[in-house]
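Please open the structure in a viewer and keep the sequence at hand.

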Amino acid sequence: MQLSETVKLYLNEEQRSLLVRTMDEYIETVNDLVSSALNGAEIQNYSSKDVEADLPSALKNQCIRDARSLLRRYNRQRKTTDSPPVLKRPCCYINNQNYRIKGDRIEFPVSAAGKPRRLSVRTRMSEKQKEVFVSHKLGTLRIVFKNKRIVAQIVYEVKETEPVKEGKEMGVDLGIKCPAVACTSDGLIRFYGNGRKNKYMRRRYASLRKKLQKEKHMDTVRRINSKEQRIMKDIDHKISRKIVDTAVSKDVKVIKLEQLANIRSSTRTSRKNNHSLHSWSFYRLSKFIEYKARKAGITVAYVDPAYTSQRCPVCGSIHHAKDRTYTCKCGFAAHRDILGAMNICNATEYVGGSDIRHTA
Ligand SMILES: [Zn+2]
């Protein structure tokens, strides 16, 4: 499975202007290749010599690979979209043979007025990241803009543990009031996270943002936005760690989660898709659980979210919970926040798979 780590780059003025120019040239080259291919050019057989661009040949080759993969995706989605792919945000990708990490610096090729040149850029890497980079097989280096700053995302390959064959099942229900509730097939119930605290924090940041926007402190607004994001992400890392730790200690072989609707679609398929912001955070937490589980040899399965909060797990009848306790004519009663996790744990219909590509 491929994961990635993001590191900040500290560029001097010359490096910055060289890199920005390279990134602009890079996406322009990819876009040119895509449009020539759509006009009949056989870019399958292209090599760097066939590409007219002020880029080192390593980057030209990467442009060809990117253009091919954009075209492959476009051809697959042709039924749903008619507009050909165009890269809009400047970036550049460098494959693992063409960059080096040395201490806290990254070296990679750019082009300076027609001449290839190697940049050695200072970065900020945590000790944990340095450890990750020396102990894993590295993949592509992606240089991209994030919040108006240029950052490097370094992809690395993580070996997955052989999936456990024997064990229990665990359903995990994600929510706002209770960020996560887990239920195992032998009846263990666990709650994770603190919904009230998260809500309080979100509200505090929202009012701070409103005040700063009124005073037109846009840079500060951006800074506190990314700070809030960092805190939320950290909370999700901790919750997913605890869930997977529980699963490992209780001999769970499969964790079931609800399949969330496409986060860009606005259709309401469940109570979880009412707010795009919330769907996004459910999506992120699902992905964190998924990659931590896979690393531990636990399979993650996605189930249909329909009625998970309304179906009685004993008799199967469907109705809403009237108050904090869900009660059914058949005599079943449970706290409403637990019901979802129980139904997810019991579910046997799996939907969709997942092609994990996690960016930490
Ligand atoms: Zn019932």
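Is aspartate 251 buried or exposed? Aspartate 251 counts as exposed, because its relative accessibility is 52%; buried means under 20% relative accessible area, exposed over 50%, and partly exposed in between, with a 1.4 Å probe and protein chains only.

This is a predicted model, in which local features need pLDDT of at least 70 and side-chain atom pairs count only at pLDDT 80 or more, while totals for chains, interfaces and linings use all residues. Residues are numbered from 1 along each chain as its sequence is written, and side-chain values use heavy atoms, with hydrogens and water left out.

Remain at aspartate 251, in the loop between α5 (218-249) and β11 (252-258). Helices (H or I, at least four residues) and strands (E, at least two) are DSSP runs, numbered from the N terminus. The phi of aspartate 251 is near 55 degrees, a positive value in a residue other than glycine.

Next, select tyrosine 307, in the loop between β12 (299-303) and β13 (325-327). Its phi, near 65 degrees, is also positive in a non-glycine residue. Tyrosine 307 is partly exposed, at 43% relative accessible area.

Then select Ile106, Phe108, Leu141 and Ile143, the residues with the most contacts inside the largest nonpolar core, which has 47 residues. Such a core is a set of buried Ala, Val, Leu, Ile, Met, Phe, Trp, Tyr and Cys residues joined through side-chain atoms within 4.5 Å. Helix α1 (residues 13-38) supplies the largest share of this core, nine residues.

Finally, select Val172, Leu260, Phe282 and Ile298, which are included in a second, separate core of 21 residues.
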